[in-house]
Amino acid sequence: MTYATRSQQQKYQREWCAKRRASYLADKSCAICGTTQSLEVDHVDPGQKVSHRIWSWSAERRSAELAKCQILCTQHHKEKTRAQRPIPEHGTLSRYKSKIHGCKCDACRKANAEHKAYKVAQQKAAEAEIIQLPGQLPGQLPLFDAA
Ligand SMILES: [Zn+2]
Ligand SMILES: [Zn+2]
């Protein structure tokens, strides 16, 4: 079978993987709440995970990877992933912005302020590039008062 374009081939592969995944999950249920709706494959120990893109693999390789997995519904998968995530350090933007561990201590506020200053500087640099005309040096203004 030949494919006209690369994107068509990718689309075909995606659909084929989705079908495989759906048929694997067809008789499964969430390990926590037992629902059979919107199921996802979860690596029980993420440290043992090789990949989550297993559906294009050979049956043998796939079942070895699936042996390390459990089935969870979308919600419980999210909750588990969230609980597993390490708490970001103080003085980082992710700690300042964290939904659960959000912190406004001095170190975290400083990290946020630095990030904002960086964004502003980047924005200014981008604007300066747009304004700059060909042949004009960065930051050089046209001379109106040459006389
Ligand atoms: Zn569930
Ligand atoms: Zn903090």
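Guide: Helices (H or I, at least four residues) and strands (E, at least two) are DSSP runs, numbered from the N terminus. This is a predicted model, in which local features need pLDDT of at least 70, side-chain atom pairs count only at pLDDT 80 or more, and totals for chains, interfaces and linings use all residues. Residues are numbered from 1 along each chain as its sequence is written, while chains are lettered from A and ligands numbered from 1 in the order in which they are written.

Visitor: In what order do the elements of the chain run from the N terminus on?
Guide: The chain holds five helices and two strands. From the N terminus on, the order is α-β-α-β-α-α-α.

Visitor: Which element of the chain has the lowest mean pLDDT?
Guide: pLDDT is the predictor's confidence in each residue, from 0 to 100. The chain averages 88, and 86% of the residues score at least 70. Strand β2 (residues 69-73) has the highest mean among the elements, 97. The lowest mean, 91, belongs to α3.

Visitor: How far apart are the end C-alpha atoms of helix α1?
Guide: The expected span of a helix is 1.5 Å times one less than its number of residues. Helix α1 covers residues 6-25, so its 20 residues should span 28 Å. The model agrees with this, as the end C-alpha atoms are separated by 28 Å.

Visitor: What is the count of buried residues in α1?
Guide: A residue is buried if 20 or more other C-beta atoms lie within 10 Å of its own, exposed if 12 or fewer, and partly exposed in between, with C-beta atoms placed from the backbone. Of the 147 residues of the chain, 8% count as buried. Helix α1 is hardly covered, and its count of buried residues is zero.

Visitor: Is W16 buried or exposed?
Guide: W16 sits in helix α1. Its C-alpha atom is 8.3 Å from that of S56, 40 residues away along the chain. Because 12 other C-beta atoms lie within 10 Å, W16 counts as exposed.

Visitor: How far apart are the C-alpha atoms of W57 and C17?
Guide: W57 is in the loop between β1 and α2 (59-66). It has 17 other C-beta atoms within 10 Å and is therefore partly exposed. Along the chain W57 and C17 are 40 residues apart, and their C-alpha atoms are separated by 9.4 Å.

Visitor: What is the C-alpha to C-alpha distance between V50 and E65?
Guide: V50 also belongs to the loop between β1 and α2. With 12 other C-beta atoms within 10 Å, V50 is exposed. V50 and E65 are 15 residues apart in sequence, and their C-alpha distance is 7.3 Å.

Visitor: Which value is phi of S38 near?
Guide: S38 lies in the loop between α1 and β1 (39-43). It counts as exposed, because it has 12 C-beta neighbours inside 10 Å. Its phi is positive, in a residue other than glycine, and is near 35°.

Visitor: Which residues is H77 in contact with, leaving aside its neighbours within four places in sequence?
Guide: H77 lies in helix α3 (residues 74-84), and it counts as buried because it has 20 C-beta neighbours inside 10 Å. D42 is 35 residues from H77 in sequence but 6.8 Å away in space, C-alpha to C-alpha. Two residues are in contact if their C-beta atoms, placed from the backbone, lie within 7 Å. With those neighbours left aside, the contacts of H77 are E40, D42 and L72.
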